[in-house]
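Here are my notes for you, as someone new to this one. Have a look at the model before reading on.

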Amino acid sequence: MVGRAGVDAAGVGDGARAVRRRLLVARTEGGLDRAQATCVVDKFFSTRSTDELKKFFARKDLTAAERADFAAIAKACTP
């Protein structure tokens, strides 16, 4: 659920839709259903600035804090 699955920045501004789509695919491949994955991606993007997103996607691995954040978001998005 929390792996990067090859997601990269690819221009978080103009390419935001493509980045969101790749992150959504990564979440569904990680075991979430489409509604849960959409919720996780929406919450993830809505709580971060463009600069924060660029830094996030520039790194290969998640930090411990990011893993915890994704887990908390996923829990909140689970019916």
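1. Let's start with what sits over the buried side of helix H2: the cover includes helix H1 (16-29), helix H3 (50-58) and helix H4 (64-76). Helices here (H or I, at least four residues) and strands (E, at least two) are DSSP runs, numbered from the N terminus. Buried means under 20% relative accessible area and exposed means over 50%, with partly exposed in between (1.4 Å probe, protein chains only).

2. A word on ground rules. This is a predicted model, where local features need pLDDT of at least 70, side-chain atom pairs count only at pLDDT 80 or more, and totals for chains, interfaces and linings use all residues. Residues are numbered from 1 along each chain as its sequence is written, and side-chain values use heavy atoms, with hydrogens and water left out.

3. Which residues of H2 are buried? They are Gln36, Ala37, Val40, Val41, Phe44 and Phe45. Looking down the axis of H2, these fall within an arc of 155°, so they line one face of the helix; the arc is that of the directions from the helix axis to the C-beta atoms. As background, an α-helix has 3.6 residues a turn, so residues three or four places apart point the same way. The face of H2 turned away from its buried side carries exposed Ala35 and Ser46.

4. Now the ends of H2. Asp33 caps the N-terminal end, with a side-chain oxygen 3.1 Å from the backbone nitrogen of Ala35. Past the helix, Arg48 lies in the loop between H2 and H3, and a polar atom of its side chain is 3.1 Å from the backbone oxygen of Phe44. Both are polar contacts (a pair of N or O atoms within 3.5 Å; within protein, one must be able to donate a hydrogen and the other to accept it, and residues adjacent in sequence count only if both atoms are side-chain atoms). Arg48 also touches Leu53 and Asp69, leaving aside residues up to four places away in sequence; contact means heavy atoms within 4.5 Å.

5. After H1 comes Gly31, with a positive phi near 115°.

6. What about the core? The largest nonpolar core has 17 residues, and those with the most contacts inside it are Leu23, Val40, Phe44, Phe45, Phe56, Phe57 and Phe70. Such a core is a set of buried Ala, Val, Leu, Ile, Met, Phe, Trp, Tyr and Cys residues joined through side-chain atoms within 4.5 Å. H2 gives the most to this core, with five residues.

7. Val40 touches Arg27, Leu32, Phe70, Ile73, Ala74 and Cys77, not counting residues up to four places away in sequence. Phe57, in helix H3, is buried with a relative accessible area of 3%. Phe57 and Val19 are 38 residues apart in sequence, yet 9.0 Å apart in space, C-alpha to C-alpha.

8. Finally, the overall picture: there are four helices and zero strands. Of the 79 residues, 34% count as buried.
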